Amino acid sequence: MVARSQSIASGVAVATRRHDSAFYYVDAHDVEAWCTNFLRTRPRPEERLLLAVLEDALLCFRDYAFSRDEEGRRIFEEARRWIESDNKQWPFSFENICDHFDINPQYLRMALKRWYEQEGYARQCSKEKALCG
């Protein structure tokens, strides 16, 4: 499991739409911390379910982004497709869950993309250093 302190979005905070919200910024560095903070507000059971779906997708994206085995790649691709989908027909779609929590879905996608690109670059540099020693 990836350490809790590992960044998901490399310094990008995910702004919500409502400035008066207790969650004006969702810290994209640490999904678990944001979820734990939200749970302190004693959300309704259906909100806890929505949160669990979002958290699972974000953690699958992070934890399996660079997986080399077939199962890990499948899990990552499933999470990536769900996050990238603009489907609003399904109650548990990424768009609808973000809307419920006043999270800007485009900004969250951008943060995840930035993290993915930076992490991929860092991994490539690390490989090159290891090979060139």
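**A chat about buried residues and ring pairs**

Trainee: Cys98 first: buried or exposed?

Mentor: Cys98 is buried, with a relative accessible area of 0%. Buried means under 20% relative accessible area, exposed means over 50%, and partly exposed lies in between (1.4 Å probe, protein chains only).

Trainee: What kind of model is this?

Mentor: This is a predicted model, where local features need pLDDT of at least 70, side-chain atom pairs count only at pLDDT 80 or more, and totals for chains, interfaces and linings use all residues. Residues are numbered from 1 along each chain as its sequence is written, and side-chain values use heavy atoms, with hydrogens and water left out.

Trainee: And Cys60, buried or exposed?

Mentor: Cys60 counts as buried, at 16% relative accessibility.

Trainee: Let's zoom out. What elements does the protein chain have?

Mentor: Five helices and two strands. They are DSSP runs, numbered from the N terminus: helices are H or I with at least four residues, strands are E with at least two. From the N terminus on, the order is β-β-α-α-α-α-α.

Trainee: How much of the protein chain counts as buried?

Mentor: 38% of its 133 residues.

Trainee: Which residues have the most contacts inside the largest nonpolar core?

Mentor: Leu54, Phe61, Trp82, Ile83, Phe94, Phe101 and Leu108. The core has 22 residues. Such a core is a set of buried Ala, Val, Leu, Ile, Met, Phe, Trp, Tyr and Cys residues joined through side-chain atoms within 4.5 Å.

Trainee: Which elements give two or more residues to this core?

Mentor: α2 (45-64), α3 (70-84), α4 (94-100) and α5 (105-132). Helix α2 gives the most, with seven residues.

Trainee: What is Ile83 in contact with?

Mentor: Leaving aside neighbours within four places in sequence, Ile83 is in contact with Ala57, Leu58, Phe61, Phe94, Arg109 and Leu112. Contact means heavy atoms within 4.5 Å.

Trainee: Ala57 is on that list. Where is Ala57 found?

Mentor: In helix α2. Ala57 is buried, with a relative accessible area of 8%. With neighbours within four places left aside, Ala57 is in contact with Ala79, Trp82 and Ile83.

Trainee: How far apart are Ala57 and Phe94?

Mentor: They are 37 residues apart in sequence and 9.1 Å apart in space, C-alpha to C-alpha.

Trainee: New topic: rings. How many aromatic pairs are there?

Mentor: Eight. Rings of Phe, Tyr and Trp (its six-membered ring) pair if their centres lie within 6.5 Å; planes under 30 degrees apart count as stacked, over 60 as edge-to-face and the rest as tilted. Phe61 and Phe76 form a tilted pair: 5.0 Å centre to centre, 45 degrees between the planes.

Trainee: Which parts does that pair tie together?

Mentor: Phe61 lies in helix α2 and Phe76 in helix α3, so the pair ties together parts 15 residues apart in sequence. Phe61 and Phe76 are both buried. Ring pairs also link Phe61, Phe66, Phe76, Trp115 and Tyr116 into a cluster.

Trainee: Last one: Glu47, buried or exposed?

Mentor: Glu47 counts as buried, because its relative accessibility is 14%. Its place is in helix α2.

Trainee: What does the side chain of Glu47 make a polar contact with?

Mentor: The side chain of His100, at 2.9 Å. A polar contact is a pair of N or O atoms within 3.5 Å; within protein, one must be able to donate a hydrogen and the other to accept it, and residues adjacent in sequence count only if both atoms are side-chain atoms. Not counting residues up to four places away in sequence, Glu47 touches Phe38, His100 and Phe101.
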